[in-house]
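This briefing is intended to be read alongside the sequence and the coordinates. Its points are grouped by topic.

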Amino acid sequence: MAAPSRRTRNRASVAESHPPVQNGSGRRRGPADTLTGVPAEFTAADARHWALLTRAALAARRTEIDDLNVFPVPDGDTGTNLYLTFDGAIDDVVAAHEAAGVLGEATLVQECRSLRRAILLSARGNSGVIASQIVGGLCDEVIENDAEAVDAVLLAACLERGAAAARAAVAHPQEGTILTVADAGAAAARVAVDRGGDLGEACSAAVEAAREALARTPEQLPALARAGVVDAGGAGCVLMLESLHRVVTGSWTGTDEGLLSAGPALRRREEWRTSTAGGRDALPATDPGSDPLDDDSPTSPEGPAFEVMYLLTGSTAQAVATLTGVLDGLGDSLLVVGGPDLWNVHVHVDDAGAAVEAGIAAGRPERIRITHLHSQVAARVAHGAVGVVACAPGPGVAGLLREAGAVVVESVPGRRASARHLLEAAHATRATEVLILPGDPDTTMAAEAAAEAAGDEGIDAHVVPARTTVQVLAALAVLDPTRSLHANVVSMTSAAGATRHGAVTVATKEALTWAGVCHPGDVLGVVDGDVALLGDDVADTAQEVLRRLLSAGGELVTLVVGADAETGLAERTSAALLRERPDLEVIVVDGGQPVYPLLIGVE
């Protein structure tokens with residue numbers, strides 16, 4: 001829990017990664033090693049890395065998991081709830097540990113105590129509350145054992161404790177949900193440990209069993225089978241376990257086909273769909289499928305009208321038991337978790353006032369949040385689809401942007417996209433609301449002109465100030481189709497602005513730069529748009545550009561490889577970078593752009 005909040009990202013459709021093999025404490029492993037050289041214990045530093053990786057994984061798959069929540073209209077938010085649950089908890093732990101002077105140096109027990117309370121406070125939605133109980137159970141096992149580190153045996157106990165806590169929290173447990181997946185992972189870890197398996201083997205068994213259980217969820221819930229998807233909350237649980245596997249072994253799964261794997265990488269995970277048309281959009285309006293553990297909207301007009309959530313203090317175990325009984329009679333999707341001095345309450349009811357009054361009778365409700373579910377559905381339907389036009393400097397980037405749903409316009413040095421091309425692309429989206437991502441400073445004015453012309457033709461178009469390819473990727477990563485146009489403009493602008501950018505290119509003529517006079521053949525290192533250094537080797541110059549970009553901090557590095565890059569440039573750059581900063585995650589995109597052998601982004 002040693003880093004500030006990372007923005008919500010949907011990397012699932014906008015990048016392909018080839019990460020070097022590493023683990024959470026900087027312990028390097030050879031690419032041929034699967035579980036060899038795995039540490040015997042999971043330390044406090046590993047716990048911090050796990051929390052950050054889990055948040056990154058949930059951010060990367062946020063909208064993809066949202067789409068697994070199937071309704072008559074696109075309305076799921078399981079991925080968003082899970083991400084915000086972890087993001088808020090990490091922020092709270094960072095603040096608390098900074099105040100205590102132990103940030104990055106806390107013991108494992110201290111980390112667990114802080115995280116247990118923080119994630120209970122930040123839990124959002126049914127799936128977020130359930131995830132908080134999984135994490136809380138893990139933390140309780142560590143705290144009660146006063147463990148300085150977690151070995152294989154204790155890990156199995158932690159996973160069992162977390163799965164049991166999650167199941168106990170649900171008033172009416174149902175199979176085919178996150179509960180089933182958590183149980184399967186815990187049971188497999190126990191079997192592996194009982195057979196003498198080490199920490200890595202326990203993690204590997206848990207991941208594989210969880211993935212298999214997730215794949216079977218459509219067999220247990222007809223709504224999932226009809227929609228052709230797996231359970232959304234269960235998918236989030238798999239990401240939690242894959243992140244654990246990554247920290248311990250250096251790879252996301254036994255075959256390294258997880259969040260940031262080589263190959264399909266950050267593209268959509270096809271194993272999460274049992275049909276090519278799976279997802280919320282695949283359901284007819286009369287087929288009310290939903291994730292029963294994260295049904296934040298009614299599945300029919302007769303469903304509960306309100307979601308009520310609040311924190312409860314000043315209560316007792318007996319009063320909370322009475323409250324649970326009252327709320328169970330008022331509605332469904334009931335969760336009352338926590339104790340002994342703080343509880344998190346979540347329920348879907350028709351009478352929101354009665355649910356709050358029951359809380360007042362039991363103690364002191366705080367942070368009361370009431371959502372009218374029917375209005376929420378109507379508002380999201382009213383938003384409609386937001387079209388996206390994005391400029392791409394090369395075929396690799398263009399392919400990734402198209403996979404993310406953008407209409408792509410080629411824009412390279414000497415052949416920049418024109419306002420006419422961008423306006424035609426805006427019409428090609430067939431949307432009444434369009435976002436334009438120019439991708440370079442030269443195209444920004446053309447994009448603004450296209451947006452103004454689109455307005456005269458009935459299209460509400462806005463320019464997101466993404467001035468480099470890496471900023472386009474970062475901005476598109478936070479696009480949320482369920483939010484309004486203006487909400488997306490704000491979040492995408494923030495994402496682009498928070499991405500520091502650099503590049504490496506080779507001079508073709510003599511010129512005066514901020515770094516001095518360059519000559520043909522000199523390697524130019526560009527930092528935030530300015531030539532900041534001159535070199536004679538592309539890889540060495542790239543390393544210096546990265547050092548300068550990372551001097552202000554960063555967790556995620558994106559390398560976009562150009563058409564003229566020498567073979568192995570990205571791999572050598574990644575390896576050298578991770579020798580200095582083993583805590584980083586590196587994504588490599590085969591961009592295919594001319595002029596720049598390497599484009600660099602730091603987030």
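In helix 7, the buried residues are Ile178, Leu179, Thr180, Val181, Ala182, Ala184, Gly185, Ala186, Ala188, Ala189, Ala192 and Val193; buried means under 20% relative accessible area, exposed over 50%, and partly exposed in between, with a 1.4 Å probe and protein chains only. Helices (H or I, at least four residues) and strands (E, at least two) are DSSP runs numbered from the N terminus. The model is predicted: local features need a pLDDT of at least 70 and side-chain atom pairs count only at pLDDT 80 or more, whereas totals for chains, interfaces and linings use all residues. Residues are numbered from 1 along each chain as its sequence is written, and side-chain values use heavy atoms, with hydrogens and water left out.

**Helix 7**

- Because 12 of its 17 residues are buried, helix 7 is largely enclosed by the rest of the structure.
- These buried residues pack against helix 5 (125-144), helix 6 (152-169), helix 8 (199-220) and helix 10 (232-249), where contact means heavy atoms within 4.5 Å.
- The end C-alpha atoms of helix 7 (residues 178-194) are 24 Å apart, in agreement with the 24 Å that 17 residues should span at 1.5 Å a residue; the expected span is 1.5 Å times one less than the number of residues.

**Confidence**

- The protein has an average pLDDT of 83, and 83% of the residues score at least 70; pLDDT is the predictor's confidence in each residue, from 0 to 100.
- Confidence is highest in helix 7, at 97, and lowest in helix 13 (residues 373-383), at a mean of 54.
- Over residues 1-36 the pLDDT stays under 50, and the model has 162 contacts beyond four places in sequence for them.
- The pLDDT is also below 50 over residues 280-301, a stretch with 82 contacts in the model beyond near neighbours in sequence.

**Nonpolar cores**

- The largest nonpolar core has 87 residues, and Phe42 and Trp50 have the most contacts inside it; such a core is a set of buried Ala, Val, Leu, Ile, Met, Phe, Trp, Tyr and Cys residues joined through side-chain atoms within 4.5 Å.
- Not counting residues up to four places away in sequence, Trp50 touches Phe42, Phe86, Leu115, Val135, Met240, Ser243, Leu244 and Val247.
- Another core, of 37 residues, lies apart from it and includes Ala392, Leu437, Val470 and Ala503.

- Six strands form an open sheet in the order 13-12-9-16-14-15, with mixed pairing; two strands pair if DSSP finds at least two bridges between them.
- Its edge strands, strand 13 (530-535) and strand 15 (585-590), each pair on one side only.
- Strand 12 (residues 523-527) pairs with strand 13 in the antiparallel sense over 5 bridges, and Gly525 has Leu533 in strand 13 as its bridge partner.

**Backbone and individual residues**

- Most residues other than glycine have a negative phi, and most peptide bonds are trans.
- Asp146, in the loop between helix 5 and helix 6, has a positive phi of about 50° although it is not a glycine; at 57% relative accessibility, Asp146 counts as exposed.
- Asp528, in the loop between strand 12 and strand 13, also has a positive phi of about 50° and counts as partly exposed at 33% relative accessibility.
- The peptide bond from Gly339 to Pro340 is cis, with omega near 0°, and Pro340 lies in the loop between strand 2 (331-338) and strand 3 (343-349).
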